[in-house]
Amino acid sequence: MLDSLRGYVVFAHVAQTQSFSRAAEELHVTQSAVSHQIRLLEDWFGTSLFERRGRQTVPTPKGEEL
């Protein structure tokens, strides 16, 4: 349960900043840690939650639903 909550917090920061790196800075963790949490959520939901466009990261339709 705690991992799910952590993943959601990370998801919310990435969605707001549209950047894994900026979300990591705000959360005081590494970009790798952010990426790992997003990957866990995507595995759990069975779909991509973000579309990576170079340095910009935007939610997919499923990410928008979340």
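Are phenylalanine 20 and phenylalanine 50 buried or exposed? Phenylalanine 20 is buried, as is phenylalanine 50, where buried means under 20% relative accessible area, exposed over 50% and partly exposed in between (1.4 Å probe, protein chains only). The model is predicted: local features need pLDDT of at least 70, side-chain atom pairs count only at pLDDT 80 or more, and totals for chains, interfaces and linings use all residues. Residues are numbered from 1 along each chain as its sequence is written, and side-chain values use heavy atoms, with hydrogens and water left out.

View A. The structure contains four aromatic pairs. The rings of tyrosine 8 and phenylalanine 11 are stacked, because their centres are 6.2 Å apart and their planes at 25 degrees. Rings of Phe, Tyr and Trp (its six-membered ring) pair if their centres lie within 6.5 Å; planes under 30 degrees apart count as stacked, over 60 as edge-to-face and the rest as tilted. Tyrosine 8 is partly exposed at 42% relative accessibility, whereas phenylalanine 11 is buried at 5%.

**View B. Edge-to-face pair of phenylalanine 20 and phenylalanine 50.** The ring centres lie 6.2 Å apart, with 80 degrees between the planes. Phenylalanine 20 belongs to helix H2 (residues 20-27) and phenylalanine 50 to strand S1 (residues 50-53); helices (H or I, at least four residues) and strands (E, at least two) are DSSP runs, numbered from the N terminus.

**View C. Buried face of helix H3 (residues 31-45).** Val34, Gln37, Ile38, Leu41 and Glu42 are the buried residues of H3. They fall within an arc of 135 degrees seen down the axis, so they line one face of the helix; the arc is that of the directions from the helix axis to the C-beta atoms. Exposed Asp43 and Trp44 are on the face turned away from the buried side.

Methods: Expected span 1.5 Å × (residues − 1).
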